[in-house]
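Welcome! Please take a moment to look over the model below, and then we will walk through it together, topic by topic.

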Amino acid sequence: MQGGSPLIHARSLTKRFGDFVAVDGIDFEVHRGETFGFLGPNGAGKSSTMRMIGCVSPISAGTLRILGMDPVTDGPAIRSRLGVVPQEDTLDTELTVWDNLVIYGRYFGLTRAEIRERATELLAFARLEERARDRVDPLSGGMKRRLTIARALINRPELLLLDEPTTGLDPQARHLLWERLYRLKREGVTQVITTHYMDEAEQLCDRLVIMDRARIVAEGSPRQLIERHATRDVVELRFTTHDEQDAAAEALSATAGGAGAEVEPLPDRILLYTGDGDGTVAAVTGNGVQPSSVLVRRSTLEDVFLRLTGRTLEDE
Amino acid sequence: MTAPAGSSVEVPRHRGQALPGVDRRRALRIVERNALAYRRAWVVFLTGFAEPVLYLLSIGIGVGALVGEVVVGDRTTPYEVFVAPGLLAAAAMNGAVFDTTFNFFVKFKYARTYDAVLATPLRVGDVAAGEVIWALGRGAAYAGAFLVAMLAFGLVGSAWAVLALPAAVLIGYAFAGLGLAATTWMRSFVDFDYVMLAIIPMFLFSATFFPLDRYPGVLAGLVAVTPLYQGVALVRALVTGDAGPGLLVHVAYLVALGTAGLWVAVRRLRLLLQP
Ligand SMILES: Nc1ncnc2c1ncn2[C@@H]1O[C@H](COP(=O)(O)OP(=O)(O)OP(=O)(O)O)[C@@H](O)[C@H]1O
Ligand SMILES: [Mg+2]
C-alpha cells in the first residue's frame with residue numbers, strides 16, 4: 001500500500017504568526033491510499049498544518065512536498081488535485097446550494113456537463129436535493145457542513161483534507177460521511193483528517209499523530225498508540241462522597257493500585273491503568289477500598305489522548 | 001510522482017498569463033461567479049443604467065437650458081454637449097469604485113467568499129483580476145448605454161466618440177485598481193466615508209461641470225493631475241472630435257494608475273487572505 005514516494009512529505013514544518021509559533025518543526029509523511037489523522041487539543045496547531053497542506057497558508061520554515069510538488073511554486077497544480085473541507089464552512093452565501101456546487105466545479109475548470117452530473121450525485125449524498133434552489137444562509141449548521149463536504153468532492157480529488165468534518169453533524173449524517181469516506185478510500189483516495197471524536201479517529205485512521213502545543217507527541221496506528229501509551233485495561237472506580245474518594249486515592253497510591261496498576265485520580269472518579277482489569281479489581285477490593293461502582297473496560301484512544309495531552313484545559 | 005492518468009485538470013503555468021500571477025481563464029471564473037450572484041439582483045443594473053442618464057436629463061438638458069453655451073479654449077459648445085462626456089467619465093469612476101470598494105469589501109471581509117476560492121486552483125492574482133474585469137464589464141455596459149442615450153439626444157459630435165467606450169473602460173480600470181488597493185486598508189464600513197471624501201470632490205470639480213480654465217493657475221494644475229480629470233479630458237476630446245496623439249498621455253496615466261493599484265492590491269491581499 002505504501003509503495004512509491006509519499007503523497008505528503010513534511011520535515012521540520014513550521015508555522016509562525018508573528019512571534020507566535022503555531023506549528024513547531026513537525027515531521028510526518030502520508031502515503032498514497034492512507035487515511036491519516038491529526039488529533040490534539042484546541043490550539044494544538046492542527047488547522048494551521050492543514051492549511052499549509054492545502055496550500056492556502058505559506059510555510060514559515062522547513063520543507064513541505066505535496067504530490068511531489070512544492071506549494072510555493074505549484075500551488076494551483078496541487079490544489080487542483082485536492083478536496084478541502086475547512087474547519088469553518090466557507091460556502092458562498094450569495095449563491096444557492098446548487099450554484100455553490102456549480103461555481104466550485106468551474107473554479108476547477110470542469111465543464112458544465114461534468115458539473116451537472118457530479119453535482120446531482122453529490123446533492124443526493126448531502127441529502128439536500130429539496131434545498132437545491134435555496135440560498136445557503138438559511139440552511140441549518142449541519143446542512144451547511146454537508147454541502148461543504150459535498151463541494152470538496154466535485155473535482156474528484158486524489159487527496160482529501162478534512163478539518164473536523166463531522167462537527168455539527170447528526171448521527172445519520174456522520175455515518176453517511178463515514179460510508180462515503182470508506183468508499184473513497186477503496187477507490188484509492190488519500191485522506192487527511194482532524195477530529196475531536198476519538199471513536200471517529202479509531203474507525204477511520206490507518207495512522208495518526210497526536211499534536212500538543214505545536215508539536216507531535218505521538219505517532220502510530222490507533223492500536224499501536226494504545227499499546228504504547230496505555231495499558232490493556234482501565235478500571236474506573238466511583239465513590240459516594242469526595243472524602244471516601246480521597247481516602248481511597250491515598251490508599252491506592254500507597255499500594256500502586258494493589259496490583260501494579262497506575263493510579264489517576266480525577267474529580268469524579270479514580271482511574272487505574274492495568275494489564276489485568278479483573279485482577280486489579282480483586283486486589284483493590286481485597287485492600288478494603290469500597291467503591292460505589294466499578295467499571296472494567298478496554299483502553300481506548302481517548303485514554304491515550306488524555307494521558308499524552310494532559311487533562312487540564314490549557315487554552316492559550 | 002505524477003498524476004494518475006485521467007486527472008485532466010488544467011495546469012497552465014505560463015500560458016495565458018496577462019499579468020504575472022494572473023491566469024486569464026481562472027480570472028474569468030470570478031466573473032462567472034459574480035454573474036451567478038447577480039442573476040437575482042438584476043435591479044441594481046437598472047439603477048446603474050439610469051443614474052447617469054438622469055444626471056444628463058437634469059443637469060445637461062435642464063441646467064443646460066439656463067446656462068446656454070460654454071467657451072472652452074477657442075471653441076463654443078452647448079452646455080449639454082460639454083457636460084455629457086464628464087458625466088460618462090464620472091459614471092465609469094463611480095461604478096468601478098463601488099464594485100471594488102464596497103462590494104469587494106463585503107466579499108473579502110464579511111462573506112469570506114475568497115477563502116473557498118483560494119482553496120481551488122485560483123490564486124489571489126486571479127481573484128483580483130477577475131473582480132477588476134467584472135467591474136469593467138459592468139462599467140462598459142453602462143457606458144455603452146449612456147453613449148446611446150447621448151446619441152439619441154444629439155450630443156455626439158464625432159465618430160471618434162466610438163472610442164469613448166474603451167476610454168470609459170480605461171477610467172474604470174484606473175479606479176478599480178485604486179479602489180481594490182484602498183480596500184485592503186479598510187477595517188470597517190466607517191472607512192467608506194473616506195472613499196466618499198475622495199470621490200465626491202473629484203466628481204464635482206474635475207472639469208465635469210465647468211471647464212478647467214475657471215480655476216486659478218495652481219488649482220488648475222492640481223485638478224489636472226486627478227485621475228477623473230484625466231478621464232474627463234480623454235472622453236470629452238473623443239466625443240467632440242478633438243482627438244490627437246496628446247490623448248495618449250491620458251491613456252498612459254490611466255493604465256499606469258490601474259496597474260499600480262492592482263499590483264499593490266495583489267501584494268496586500270496575499271498577506272491578508274493567506275495568513
Ligand atoms: N491567522 C492567525 N493569526 C494568528 N494566530 C493564529 C492564526 N491562526 C491560528 N493561530 C493560532 O495558532 C494556534 C493554533 O491554531 P490552530 O487553528 O491550528 O489550532 P487547532 O489545533 O486547529 O485547534 P482547534 O482544535 O481548536 O481547531 C492557536 O493558538 C491560534 O490562535
Ligand atoms: Mg482547528
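How many salt bridges does the structure hold over all chains? This is a predicted model, and over all chains it holds 34 salt bridges. Side chains of opposite charge can pair when their charged atoms come close.

**Chain A at a glance**

- Chain A contains eleven helices and 13 strands.
- Along the principal axes, its C-alpha atoms fill a box of roughly 75 × 45 × 40 Å.
- Of the 316 residues in chain A, 53% are buried.
- Among contacts in chain A with a separation of 6 or more, 68% are between residues 24 or more positions apart.
- Chain A has about 13,700 Å² of accessible surface, and carbon and sulfur atoms provide 49% of that.
- You will find 39 positive and 48 negative side chains in chain A, with the centres of the two sets 8 Å apart.

**Salt bridges to look for**

- A:Asp89 and A:Arg145 meet through their side chains in a salt bridge, at 2.6 Å from N to O. This pair links distant parts of the chain, 56 residues apart: A:Asp89 is in the loop between strand S5 and H3 of chain A, while A:Arg145 is in helix H5 of chain A.
- Another salt bridge brings together the side chains of A:Glu94 and B:Arg33 (2.6 Å, N to O). A:Glu94 sits in the loop between S5 and H3 of chain A and B:Arg33 in helix H1 of chain B, so this pair joins two chains.
- B:Arg33 is buried at a relative accessible area of 1%, and A:Glu94 counts as partly exposed at 29%.
- A:Glu236 and A:Arg297 also form a salt bridge, with their closest N and O atoms 2.8 Å apart. A:Glu236 belongs to strand S10 of chain A and A:Arg297 to strand S13 of chain A, so the pair ties together parts 61 residues apart in sequence.
- Salt bridges with shared partners join A:Glu236, A:Arg238, A:Asp268, A:Arg269, A:Arg297 and A:Asp303 into one network.

**Buried places**

- Helix H3 (residues 97–107) of chain A is mostly covered, with ten of its eleven residues buried. The cover over its buried residues includes helices H4 and H5 of chain A, together with helices H1 and H4 of chain B.
- Just after H3 of chain A, A:Gly109 has a positive phi of about 80 degrees.
- A:Leu122, in helix H4 of chain A, is buried, with a relative accessible area of 2%. Beyond residues up to four places away in sequence, A:Leu122 touches A:Ala150, A:Leu153, A:Ile154 and A:Arg180.
- B:Glu131 lies in helix H5 of chain B and counts as buried because its relative accessibility is 3%. Apart from neighbours within four places in sequence, B:Glu131 is in contact with B:Ile30, B:Asn34, B:Phe104, B:Lys107 and B:Tyr114.

**Patches on the surface**

- A:Asp243, A:Glu244, A:Asp246 and A:Glu250 gather in a patch of negative charge. One of them, A:Asp243, lies in helix H9 of chain A and counts as exposed at 62% relative accessibility.
- On chain B, a nonpolar patch is formed by B:Trp42, B:Val43, B:Leu46 and B:Phe49, with about 400 Å² of accessible area together. B:Val43, in helix H2 of chain B, is partly exposed at 47%.

Key: Residues are numbered from 1 along each chain as its sequence is written. Chains are lettered from A and ligands numbered from 1 in the order in which they are written. This is a predicted model: local features need pLDDT of at least 70, side-chain atom pairs count only at pLDDT 80 or more; totals for chains, interfaces and linings use all residues. Side-chain values use heavy atoms; hydrogens and water are left out. Patches are made of residues with over 30% relative accessible area and no salt bridge: like charges are joined within 9 Å, nonpolar side chains (Val, Leu, Ile, Met, Phe, Trp, Tyr) within 5 Å. Accessible areas come from the Shrake-Rupley method with a 1.4 Å probe; for residues, only the protein chains shown count as cover. A salt bridge is a side-chain nitrogen of Lys or Arg within 4 Å of a carboxyl oxygen of Asp or Glu. Lys and Arg count as positive and Asp and Glu as negative; His and the chain ends are not counted. The place of a charge is taken as NZ of Lys, CZ of Arg, CG of Asp or CD of Glu. Helices (H or I, at least four residues) and strands (E, at least two) are DSSP runs, numbered from the N terminus. Buried means under 20% relative accessible area, exposed over 50%, partly exposed in between (1.4 Å probe, protein chains only). Contact means heavy atoms within 4.5 Å.
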